[in-house]
Amino acid sequence: MDDPDKRFIKECLHLAKKGLGKTSPNPMVGAVIVREGRIIASGCHKKAGLLHAEAEALSKLGGKAEAGDTLYVNLEPCNHYGRTPPCTLVILKSGLKRVVIGMPDPNPNVSGGGAEFMRARGIEVRSGVLESECRRLNEVYIKYIVTGRPFVIAKSALTMDGWSATSTGQAKWITNEQSRRFAHRLRGMVDGILVGAGTVITDDPLLTKRTGKKKGGNPLRIIVDTHLRIPHNARVLNPDPDITTLLVVGENINPGLLKTVEREGVSTFICPLKEGMVDLNALMNELGRRSITSVMVEGGSRVMGSMICERLIDKFYVFKAPRVFGGDDGIPMARGAGPEKVDESLMMKDIRIKRFGDDILIIGYADYSLLPGMEKDTCF
């Protein structure tokens, strides 16, 4: 039997997706107000600082609801002051008597506060409708708000026999144009793109999203360069009002060398070292402190290997192209010490497959629960 509450929460999820890549550090939220089985108002959170979805939907009714109206929202309404007043107060003033919530707020400082506030004031609240779908939509927000660290995506393009580049470092182009367009859309959905110095030295990339008609909205470019080896004229260091770069160097870097890269749009973070290289765990903490909620790691292979070894990857996007190099001297997706046994390898879960022409994209989440010392998944 059809559950109308599920049907309207699905509509909230559809509305919430309009904020994809725009609401950080806030979650994506959609809301609808239903009267006699029909949606009479809707709203979504478009950007941090703007109206929340519940408030936007109610504003279309002049802030007032009628008896029998129900508010649906994919995330528990906030009950604290931020850039905007609490949504619970807006709901209370509207006269609404029933609210259906997709998932509770995972913020450990306010979890459950919105639902409890409304119930204590006579509002009927149902929570946990399509909760798993709601959690997946806001996986970035959940990871960030629970841990204070960014949600980390690993993106790689490989041949059928597993190489990310030839022995000379050439990788243009392993995948087809459709796959590359999708990869650029992914860039527009994250707060930062992370690469190692080797990628900048070899490819001199811009690391921009290159999609959409409007300028701006490019993610922060994060360059991990322990010994500051990248050229001073690298394109990621060129001044651009629409793009900023964070250069991450080791704590023993020469101050004089650091001054050579100081320019508008470029900031530096002197990071602690671990075994002679930038401590990536310390870097994740710093990015979280800077309100970077999501990062996509694009290479090179040593950075990718270190991120995997340190168990910092949350989600994988692996493109496989119908090419075979056939040799044993190409550049792999990840370098560094791997497991000695197959059953010690990292498994992916919740796998999805997409096709872009003849290319295949494998999407999955890192399952650390099967590895020693990781009893359960932190957020999911």
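This is a predicted model: local features need pLDDT of at least 70, side-chain atom pairs count only at pLDDT 80 or more; totals for chains, interfaces and linings use all residues.

Visitor: At what angle do helix α3 and helix α4 pack?

Guide: Helix α3 (residues 87-94) and helix α4 (residues 113-120) pack at about 25°, and their axes are 10 Å apart. α3 and α4 are therefore roughly parallel to each other. Their crossing is right-handed.

Visitor: Which residues of α3 and α4 meet?

Guide: From α3 come Thr-88, Leu-89, Ile-91 and Leu-92, and these meet Gly-114, Phe-117 and Met-118 of α4. Two of these names return in the next feature, the core.

Visitor: What is the general idea of a core?

Guide: In soluble globular proteins, nonpolar side chains tend to be buried together. Here the largest nonpolar core has 39 residues, and Tyr-72, Ile-91 and Met-118 have the most contacts inside it. Helix α1 (residues 4-16) supplies the largest share of this core, six residues. There is also a second, separate core of 31 residues, which includes Ala-282, Val-295, Met-304 and Ala-366.

Visitor: Which residues does Tyr-72 touch?

Guide: Leaving aside residues up to four places away in sequence, Tyr-72 touches Asp-5, Phe-8, Ile-9, Cys-12, Gly-30, Ala-31, Val-32, Val-34, Arg-98 and Val-100.

Visitor: Now the sheets. How are the strands of a sheet held together?

Guide: Strands of a sheet pair through backbone hydrogen bonds, either parallel or antiparallel.

Visitor: In which sense do β1 and β2 pair?

Guide: Strand β1 (residues 30-35) and β2 pair in the antiparallel sense, over six bridges. Arg-35 stands opposite Arg-38 in β2.

Visitor: What is the order of strands in the sheet of nine?

Guide: The order is β11-β10-β9-β8-β14-β6-β15-β18-β17; this sheet is open as well, and its pairing is mixed. β11 (266-271) and β17 (347-356) are the edge strands, each pairing on one side only.

Visitor: Is strand β9 largely enclosed or open to the outside?

Guide: Five of the five residues of β9 (residues 220-224) are buried, so this strand is largely enclosed by the rest of the structure. Leu-220, Ile-222 and Val-224 point one way from β9, while Arg-221 and Ile-223 point the other way.

Visitor: Which strands pair with β9?

Guide: Strand β8 (residues 192-196) pairs with β9 in the parallel sense over five bridges, and Gly-196 has Val-224 as its bridge partner. Strand β10 (residues 245-250) also pairs with β9 in the parallel sense, over four bridges. There the bridge partner of Arg-221 is Thr-245.

Visitor: How do β6 and β14 pair?

Guide: Strand β6 (residues 151-158) and strand β14 (residues 294-299) pair in the parallel sense over four bridges, with Ala-154 opposite Val-297. Helix α11 (residues 301-309) packs on the sheet and touches β6, β8, β14 and β15. The direction of α11 makes about 130° with that of β14.

Visitor: Which strands does helix α7 lie across?

Guide: Helix α7 (residues 177-187) lies across β6, β8, β14, β15 (315-320), β17 and β18 (359-367). α7 runs at about 160° to β15.

Technical notes:
Residues are numbered from 1 along each chain as its sequence is written. Side-chain values use heavy atoms; hydrogens and water are left out. A nonpolar core is a set of buried Ala, Val, Leu, Ile, Met, Phe, Trp, Tyr and Cys residues joined through side-chain atoms within 4.5 Å. Buried means under 20% relative accessible area, exposed over 50%, partly exposed in between (1.4 Å probe, protein chains only). Helices (H or I, at least four residues) and strands (E, at least two) are DSSP runs, numbered from the N terminus. Contact means heavy atoms within 4.5 Å. Two strands pair if DSSP finds at least two bridges between them. Axes are lines fitted to C-alpha atoms, for helices over the stretch in contact, and angles run from 0 to 180 degrees between N-to-C directions. Angles under 35 degrees count as roughly parallel, over 145 as roughly antiparallel, 65 to 115 as roughly perpendicular and the rest as oblique. A crossing is left-handed if the near helix is turned anticlockwise from the far one by less than a right angle, and right-handed if clockwise.
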